[in-house]
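Subject: Structure handover

Hello,

Here is the structure I said I would pass on. Please open it alongside the notes below.

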Amino acid sequence: MTSTRRPVFDPYLHDPAQWGASMAHHAELLLPCLDAVGPRTIVEVGALMGDLTRVLAHWAGEHGARVVAVDPVPGKSLVALAEERPEIELDRRVSLEALADLPPAEAIVLDGDHNYYTVANELRLIAEAAGDAFPFVMFHDVCWPHGRRDDYYAAEQIPEADRHPIGGGKLIPGDPGVHDHGLEYPRSAAREGGPRNGVLTAIEDFVADRDDLRLAIVPAFFGFGALWDRGAPWADAVAAILDPFDRNPILERLEANRIRHLAAAHAREGELTELRLRQERMEGVLRTLRHIQAARAEKHERQMNPGQSFLWSGHPVPVKLPRSAPPLRQRCCFSRGICAGHV
Ligand SMILES: C[S@@+](CC[C@H](N)C(=O)[O-])C[C@H]1O[C@@H](n2cnc3c(N)ncnc32)[C@H](O)[C@@H]1O
């Protein structure tokens, strides 16, 4: 049975800044592949708020399959979804524990901890469990920024020797370092590229001596990857779906354009925030200077007019109040010509 009905979903549901962060954006590619593969179990590693899980559960519901969502820190909406949908089983272990223990699944999504060490070991565990029947594996973040740059969800869980120094900054496409402005990835490696760095590097190293496997990369929404056994009965059907998108140059340009504008918009936002803070600081300094000036002027007037009564006006200069004076708010604004905004 093919998914003729597309599930109703909003891929920006938990993405108000519209980064295009969820793999729910890949639904129109991913679902026909599931139709072709026909998995009984789909494991989703890294499910966060359940945006993709919802799409997978909808498919599973139509096909009598189940979804195992592996996430040590599931979001509230994922927990609620798992309670609502009988197809979903929530597994709160980290991927390397869960994959070492779960029964082999026919389809697996890897979208948890985006670093070389984790992805390389996830693939090793999948291959060990699969034996001769390597499953249909889907990946997120095979393009910028994590294709060639590690990110560490919990750096302490990665052996130190397998970790790159963390940048703690913001990223801009085309620059391998970190910035003050750009997209915020505080747990990403300080440098992009080089050996044993990034999700795609881990996948490529894994397939380097596996001629039996085929890798497709769809450069959209941070990159969708798919890896499958060339000899699987459904292999040609999956290839027919993914081939037109695999490293498609138009998609590559679109994605490059998208992330450049996304990062530029965030960089501008960051600069704007800094300018606003600087302006606020300068206004504060100006207010203080005005108070000092006014206090000095008042002191001077008191010395020049002993016995005269004064009322502190909060203005740069004190306002003299004769006994029959009109209310302060009117008088001060007419008296010195330096009042802004009292009438
Ligand atoms: C990018 S989000 C997943 C988004 C989701 N797949 C989607 O497309 O809507 C990454 C998730 O991976 C989880 N995570 C981080 N490290 C993990 C690990 N080692 N094993 C499993 N999940 C992990 C995080 O808790 C987070 O919820």
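The notes below cover the sheet, the core and the ligand.

The model is predicted, so local features need pLDDT of at least 70 and side-chain atom pairs count only at pLDDT 80 or more, while totals for chains, interfaces and linings use all residues. Residues are numbered from 1 along each chain as its sequence is written.

Sheet. Seven strands form an open sheet with mixed pairing, in the order E3-E2-E1-E4-E5-E9-E8. Strands are DSSP runs of E, at least two residues, numbered from the N terminus, and two of them pair if DSSP finds at least two bridges between them. E3 (88–91) and E8 (213–218) each have a single partner strand, so one side of each has no neighbour in the sheet. E1 (residues 41–45) and E4 (residues 107–110) pair in the parallel sense over four bridges. Within that pair, Val43 has Ile108 of E4 as its bridge partner.

Core. Val43 is also among the residues with the most contacts inside the largest nonpolar core, which has 73 residues. Such a core is a set of buried Ala, Val, Leu, Ile, Met, Phe, Trp, Tyr and Cys residues joined through C-beta atoms within 7 Å; buried means that 20 or more other C-beta atoms lie within 10 Å of the residue's own, placed from the backbone.

Ligand. There are 20 residues around the ligand (C-beta atom, placed from the backbone, within 6 Å). Ser22, Met23, Gly46, Leu48 and Gly112 come nearest.

Regards

Terms used:
A residue is buried if 20 or more other C-beta atoms lie within 10 Å of its own, exposed if 12 or fewer, and partly exposed in between; C-beta atoms are placed from the backbone.
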